[in-house]
Amino acid sequence: MSKHLQRDLEILQRDLLALAASVEEAIHKSTHALQKREAEKAEQVIAGDSVIDQEENHIEEECLKILAMHQPVAVDLRRIAMALKINTDLERMADLAEDIAGRALHLARLPVVAIPEKLQRMADLATSMVRESLDAFVNLDARQARHVCRVDQEVDRYNNEIIQELVAAMKESPAKVEAELSLFSVTRHLERIADHATNIAEDVVFLVEGVIIRHRPAAVEGEE
């Protein structure tokens, strides 16, 4: 690998990590705004999404520039291809955080409803999955990537349990249907954030081991 290619890959990795940090913050802020009914914090997330969009465009342009200038092969080519995919997943997570902030704004205008206790745990797990999947990419750590995939199963369990609670609450109190539907939407957005983190983790395993684990539970556990 030439020194120039190495330098550009290091800069690309730094930019990806900075984008990931912004996305983590957006997820944290949006869920905090939901829990605390803080409209101002929700508005900050919505306003900040355009900055994340610009950073996504910048990273995509840098990836294409590296491909054109250095014509990388083998592992370097795979890392750049993966950086493009991660970039897309991160931007979509940011969009979901923006949607959660929008639901938080809506709920702040309605009478207070109880937020399921499991929702914050689900949000914490989804955020940690984002961080761990990027760490796995930086360190080429397939074991950590597999851990992210296993945590996704826990997020899915929370998703199902929370939805059941919300449906029961709507049946019990039809007057709260509007608010409960917003919480339903938030739950689904968090589940999708976790799915995007899982996408990144699955790509890391393929990058390191050459094994496709998507839709293969046994491979996630390392049994194949």
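## Core and helix packing

In this predicted model, Val23 has contacts with Ile52, Leu90, Met93 and Ala94, leaving aside residues up to four places away in sequence. Val23 also belongs to the largest nonpolar core, which has 67 residues; together with Ile86, Leu90, Met93, Leu190 and Ile193, Val23 is among those that touch the most other members. At least two residues of this core come from each of the helices α1 (3-36), α2 (39-70), α3 (74-108), α4 (117-139), α5 (142-172), α6 (177-209) and α7 (217-220). The largest share, 14 residues, is supplied by α3.

Helix α3 packs with α1, and the axes of the two helices lie 9 Å apart at an angle of about 20 degrees. Angles under 35 degrees count as roughly parallel, and α1 and α3 are therefore roughly parallel to each other. Their crossing is left-handed. The residues of this contact divide by class as follows.

| Class in the contact of α1 with α3 | Residues |
|---|---|
| Nonpolar | 22 residues |
| Polar | 4 residues |

Not counting residues up to four places away in sequence, Leu105 touches Ala39, Ala42, Glu43 and Ile46. Leu183 lies 78 residues from Leu105 along the chain, and the C-alpha atoms of these two residues are separated by 12 Å.

Note on methods. Residues numbered from 1 in each chain as written. Predicted model: local features only at pLDDT ≥ 70, side-chain atom pairs only at ≥ 80, totals over all residues. Heavy atoms only, no water. Core = buried A, V, L, I, M, F, W, Y, C linked by side-chain atoms within 4.5 Å. Buried < 20%, exposed > 50% of the residue type's maximum accessible area, 1.4 Å probe, protein only. Helix = DSSP H or I, 4+ residues; strand = E, 2+ residues; numbered from the N terminus. Contact = heavy atoms within 4.5 Å. Axes fitted to C-alpha atoms, helices over the stretch in contact; angles between N-to-C directions. Parallel < 35°, antiparallel > 145°, perpendicular 65-115°, else oblique. Left-handed = near helix turned anticlockwise from the far one by under 90°. Nonpolar A, V, L, I, M, F, W, Y, C, P; charged D, E, K, R; others polar.
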